Amino acid sequence: MEIESNPKYCRVIRRASSEEDRLSGLPDDVLHSIVGRVPLKQAVRTSALSTRWACLWLHALAASAVVDFTDRDFVRGQSPEQIVTTVNRCLEVHGAAPIDVFRVALSPFDAFGRDVVRWAATALGRGAREVGVDLTQHADDRGFLELHGDLFQAESSLAVLSLGRCSLRDVPPGTAGLAGLTSLSLNQVDVTDDALRDMVSGCRVLEFLSLKSCHLLVYVRVASESLRGLEIVRCLAMRHLQVDAPVLESVAYHGDVLIWREDEPSGVEFVGPGGRTDARPELKDAYLTHIGYAEYDEVIHEFAYSGFLDQVSHAKILTLCSVGMLHMEEERLFFEASVDTPNLEELQLLMDSMGDDDVTRFSVFFEVFEAPLLERLFIRVSILIHDHSNLNSHGVLLDYV
């Protein structure tokens, strides 16, 4: 089958069929609903089902407020030129109809740079509330897609923004188009400490912030009256985290232990108004894992973890890892200390092994852990086992105590 696109019509070259199939008798709104529920590449393939379906996928897309090009099957087997042509054609057929959600995931990004910016601008111009640009696949060291300063200059309906492998260097602080964000996710973005601080402070209703593999971040300061969720993953250069968010409910951190240093600002701080450290937010859940990062070093990491854990120990749900337990074991050798968790109701322990040393750490751990309200304990072990009856869908053993 071959599909020839035209601004006015689509012509399908296929074998002639003498019998009309039953699908062709369905109402247009039913056909549009069917095609709109399948991934884009499969929707295009429906052109071969019947003569009525030749351009149906385009019209179904035009009738939908969600324009999503994140399906990996969509780009498989197509050249960059073909992909650009398809996206252009979809947006053209969509016309001036409102777009609520626009998402695109492509690689390598340098083959689509200008086109991606133009597509995003088109979506924003049509009132998009959510825009996602993911260029992280096979990015290697190709650099970042430069986002023009005027892309977010005008006020817009944008509430959810997700960027992967993009540069925000040309986006000025206080940009009007970002003021209404409720969710901001940055993955492999070359954002700096000051740029992030200014961007968050300009998002007056921001509720969720995600930072992944943003390796220019060192001294992260987040101040927001509305922030409820914070996620930081693999930001390898980060040495300090200061959070001023009075209504913060959820914190997730996956990286190396942040260490207090005398010669430079470092560590973790959750502060209240005016920089008060005695007015921390009432966290519902905190997730701290350091599995997969640098090995424990007694000189470098000595007494580092207790200060880290102390900042989130008042959470109701707490997730810790075996690396953290090792830190606590080493610290207890030097002084008698306890971890006060007055609100803790659920504890999850992530273990990268389950040997004799790990069992010993369990004992030490619960000697220093004070949790009068604890009701649920979950232990997750990522090890190869012969009994698969307790494995979850990710192949991780779930053991409930």
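Rings of Phe, Tyr and Trp (its six-membered ring) form an aromatic pair if their centres lie within 6.5 Å; planes under 30 degrees apart are stacked, over 60 edge-to-face, and the rest tilted. By this rule there is one aromatic pair. The model is predicted: local features need pLDDT of at least 70, side-chain atom pairs count only at pLDDT 80 or more, and totals for chains, interfaces and linings use all residues. Residues are numbered from 1 along each chain as its sequence is written, and side-chain values use heavy atoms, with hydrogens and water left out.

Helices (H or I, at least four residues) and strands (E, at least two) are DSSP runs, numbered from the N terminus. Helix H6 covers residues 113-125. Its buried residues (under 20% relative accessible area; exposed is over 50%, partly exposed in between; 1.4 Å probe, protein chains only) include Val116, Val117 and Trp119. Among the elements that cover the buried residues of H6 are these:

| Element | Residues |
|---|---|
| Helix H5 | 80-94 |
| Strand S4 | 101-105 |
| Strand S5 | 130-134 |
| Strand S6 | 145-146 |

After H6 comes Gly127, with a positive phi near 85 degrees. Arg129 lies in the loop between H6 and S5 and is partly exposed, at a relative accessible area of 44%. Arg129 is in contact (heavy atoms within 4.5 Å) with residues including Ile99, Asp100 and Ser157. Arg129 and Asp100 are 29 residues apart in sequence, yet 5.3 Å apart in space, C-alpha to C-alpha.

Technical notes
The expected span of a helix is 1.5 Å times one less than its number of residues. Lists of a residue's contacts leave out its neighbours within four places in sequence.
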